[in-house]
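Visitor: I would like to learn how to read some local features of a model. Please take them one at a time.

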Amino acid sequence: MSIFVPNSHILCREIHNPHQQHWWGGGSCFVLVKSYGFSFDQRKDEWKKVVKRDSRVGAGFLPDLSRPAAIEMQPIEDCDQLDKILDEAKQLSQPIIIDWMASWCRKCIYLEPKLEKLAAEYDTKLRFFCVDVNKVPQALVKRGNITKMPTIQLWKDGEMKAEVIGGHKAWLVIEELRQMIQNFV
């Protein structure tokens, strides 16, 4: 039986015991082999018979599949769609996050997956949206009062309450965004 594990560090650190199991690394994947009966092992240029050994992988190593790891941000394409989203959020008294970005902006591209992971964390409390400023009417960009990208805004009760301009490191932007969310949620 072979087990493929997406996070090889957990596999090697938590499970590997050189006296009980064998593992091989190749690229970004490690394979843990559980032997049935016997197999052969090569260490220090000598082959020896390996007797059956028991190995277990506990459920603690499996990811929590009940919650998504990332949620894709829904795009906003015009002012009417923004009005509709703001009205729905106002009725639910739920704030929303809007990421104003550009498809050519490297910092925007780098920040996007981190925002999608953050969206999964706040799945029931917030909704995350994105606006590509080059693909929407300029009236929408002016409505958001956007001058730099990426700009991440928190909107509540139909108006913009706070923003983070992401011209610095992504982890700092995410920390500032977490702080902003805690202040308004």
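Visitor: Which residues of helix 2 are buried?

Guide: Some ground rules come before the answer. This is a predicted model, in which local features need pLDDT of at least 70, side-chain atom pairs count only at pLDDT 80 or more, and totals for chains, interfaces and linings use all residues. Residues are numbered from 1 along each chain as its sequence is written, and side-chain values use heavy atoms, with hydrogens and water left out. Helices (H or I, at least four residues) and strands (E, at least two) are DSSP runs, numbered from the N terminus. Buried means under 20% relative accessible area, exposed over 50%, and partly exposed in between (1.4 Å probe, protein chains only). In helix 2, Leu82, Ile85, Leu86 and Ala89 are buried. Seen down the axis of helix 2, these residues fall within an arc of 100 degrees, so they line one face of the helix; the arc is that of the directions from the helix axis to the C-beta atoms.

Visitor: What do the buried residues of helix 2 pack against?

Guide: Contact means heavy atoms within 4.5 Å. The partners are strand 7 (96–101), strand 8 (127–132), helix 4 (138–143) and strand 9 (151–156). On the face turned away from the buried side, helix 2 carries the exposed residues Asp80, Lys84 and Gln91.

Visitor: What span should helix 2 have?

Guide: The expected span of a helix is 1.5 Å times one less than its number of residues. For the 13 residues of helix 2 (residues 79–91) that gives 18 Å, and the end C-alpha atoms are 18 Å apart, which agrees.

Visitor: Where is phi positive in a residue other than glycine?

Guide: Most residues other than glycine have a negative phi, and most peptide bonds are trans. Asn145 has a positive phi, near 55 degrees, and is found in the loop between helix 4 and strand 9. Asn145 counts as exposed, at 60% relative accessibility. Asp157 also has phi near 55 degrees; its place is the loop between strand 9 and strand 10 (159–165), and Asp157 is partly exposed at 44%. Ser93, which follows helix 2, has a positive phi near 45 degrees.

Visitor: Which residues does a cis peptide bond join?

Guide: Met149 and Pro150, with omega about -5 degrees. Pro150 lies in the loop between helix 4 and strand 9.

Visitor: Which charged end sits over a ring?

Guide: The test is that NZ of Lys or CZ of Arg is within 6 Å of the ring centre and within 35 degrees of the ring normal. Here the charged end of Lys114 sits over the ring of Tyr110, 4.1 Å from its centre.
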